[in-house]
Amino acid sequence: MRLLAPGDYHTFTADGAPHVYLLPSAAVFRLDGPSAAVLEAVREAPLDADGLLDRLAPRYTRALVQETIDELLSAQALRTVVPPRAPAPVAAPVAAPAPAPPAPAPPRKRIPLTTLVMNVTSKCNLSCKYCYEYGEDRITEPSSKPRFMSEETARQSVDFMFAEAGDSPHVHLTFFGGETLLNFKVLRAALAYAQEKGAASGKTVDASLTTNATLLRDEIIDWMVEQNVGVTVSMDGAREQQDASRIFANGQGSYDVVLPRVRALLARHTRRPIGARVTLTRDNLDVRSIYRHLKEEIGFWEVGFAPVTTSWQRDYAIPDEGFEEMLAGFQSLARDYLDYALAGRHHGFSNVRDTIQEIHKGVAKAYPCGAGFGLLGVATDGEVGLCHRFAGSSTHSLGTVTGGIDHAMREDFLDKHHIDHKTDCRQCWARSLCAGGCYHEAHTRYGDTARSNLHYCEWIRRWSATCLETYATLAARRPDYLRQFDA
Ligand code: SF4
Ligand code: SF4
């Protein structure tokens, strides 16, 4: 006889109704009365089907309960378990059979590269107080690399990208720094070369870059428009917020330099939505006011926030109570996002949008991000790492753009970092959305990329809950809004 037991899911309430988030499939279901009653009945202890039918008989017909059980089993919200047996009498020991030899490992499939992040320079014209380029958290040996990528290395990086892309019809090249535009000449040449190769090989090339905006000028903006380059501006808010950390080497704030350039960018580059990316620190956590300034007063299409990645001893590191404040701000913006979406309007809070998109696509993450998977980073000298934050770290090097990468090493990394191997995350309902968190942050915090980022679990779970509630409410009331995430 088999018993019915709860599957692996998280329950929550949205739009006044009970819902489940199923971990194996990462699907969200609104529970009707019978489904909620069945899951409630097996919550305390597993039950056999007859016992369950009897228990719910006063409220629902047996046929309806049976149909509900079948549906919940097929959705994996219910599972069957074998009841424990009475212990067998102790028998005389017999020789154990020799263990079967392990089955040979199946041949590994080459993972196509879809995004290459090129660190075209490690130099910056700002000296942001929290910058990892200058902190003790930096894992690259600062003096061992050229500060600027040469055009030759940039072309070799593009060759590497196409060689590693396999049959993928699209490749994405993204430029990063330091301040990316300090090496504008090389990145422009790299993109032109990539487009030539794309045209010759039938692949589409998408390009984007991140900049602090201090060096934007009309000629560069025109090039961005012409080449349809996606742009993210690192900016921390209004003057006081920006100038608290984003300063020049002489201590002068950058807001007054950045603002007119950003305005010119937003006015001229209308081919693609332009986003702002905010670094939150202990002293800059008022996400509502930052959002209001960047979205409503300056006019960015979207605004994304990330807490500073640093060791907890730094004075700008966010303390526990700061994470509470940040969460309250995120939840407040998420409520606004929901109101806008229900009214069919655009809201630019990208943190909630990105997570809703993942939920809608039913992504059960095995890894926190694409690093080492479809994404790699290349340092100024052509050394290849897991992502832009690891590019140039000799302890995390996967190879070089000219010599190629060690695919076995990359696959071993992915095996070791798979969510199934993170024992700390095994019981966590948010693992399909979080997957243990950023490897770089784990390295910074614990000295080990494979560690789960346990310092922010509570935060992640509460934020994931907000995103699930937002998603489920939209699914119930504005399913048409979610169609934008189908592609
Ligand atoms: S790091 Fe924490 S929140 Fe993320 S999956 Fe692991 S246990 Fe869950
Ligand atoms: S490892 Fe961290 S920094 Fe690198 S791509 Fe992943 S989330 Fe981003």
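For these notes, Ala, Val, Leu, Ile, Met, Phe, Trp, Tyr, Cys and Pro count as nonpolar, Asp, Glu, Lys and Arg as charged, and the others, Gly among them, as polar.

**Entry 1: ligand 2**

I'm working from a predicted model. I started with ligand 2 and listed what surrounds it: Pro368, Cys369, Ala371, Cys387, Arg389, Cys438, Tyr439 and His440. Then I sorted that shell by class and got six nonpolar residues, one polar and one charged. With the classes above, Arg389 has to be the charged one, because Arg is on the charged list.

**Entry 2: the domains**

Next I looked up how the chain is divided. Domain 1 covers 3–81 and domain 2 covers 115–468. I took their centres over C-alpha atoms, and 40 Å separate them.

How many residues of each domain are in contact with the other? I noted nine residues of domain 1 in contact with nine residues of domain 2. On the domain 1 side, strand 2 (9–14) and strand 4 (27–30) are the elements that give two or more residues. I classed that side too: seven nonpolar residues, two polar and no charged ones.

**Entry 3: helix 1 and helix 2**

Two packed helices are described by the angle between their axes and the distance between the axes. I looked up both for helix 1 (residues 33–44) and helix 2 (residues 49–56): the angle is about 120°, and the axes are 11 Å apart. That makes helix 1 oblique to helix 2. I also checked the hand of this crossing, and helix 1 and helix 2 cross right-handed.

Which residues make the contact? From helix 1 I wrote down Ala37, Val38 and Ala41, and from helix 2 Leu52, Arg55 and Leu56. By class, I have five nonpolar, no polar and one charged in this contact. Arg55 is the charged one, because Arg counts as charged.

**Entry 4: helix 6 and helix 8**

My last pair was helix 6 (residues 218–226) with helix 8 (residues 255–268). Their axes come within 10 Å and cross at roughly 30°. Helix 6 passes helix 8 in a right-handed crossing.

For the contact, I listed Asp218, Ile221 and Val225 on helix 6, and Ala264, Leu265 and Arg268 on helix 8.

Note on methods: Residues are numbered from 1 along each chain as its sequence is written. Chains are lettered from A and ligands numbered from 1 in the order in which they are written. This is a predicted model: local features need pLDDT of at least 70, side-chain atom pairs count only at pLDDT 80 or more; totals for chains, interfaces and linings use all residues. Axes are lines fitted to C-alpha atoms, for helices over the stretch in contact, and angles run from 0 to 180 degrees between N-to-C directions. Helices (H or I, at least four residues) and strands (E, at least two) are DSSP runs, numbered from the N terminus. A crossing is left-handed if the near helix is turned anticlockwise from the far one by less than a right angle, and right-handed if clockwise. Two residues are in contact if their C-beta atoms, placed from the backbone, lie within 7 Å. A residue is near a molecule or strand if its C-beta atom, placed from the backbone, lies within 6 Å of it. Angles under 35 degrees count as roughly parallel, over 145 as roughly antiparallel, 65 to 115 as roughly perpendicular and the rest as oblique. Domain bounds come from an automatic or database domain assignment.
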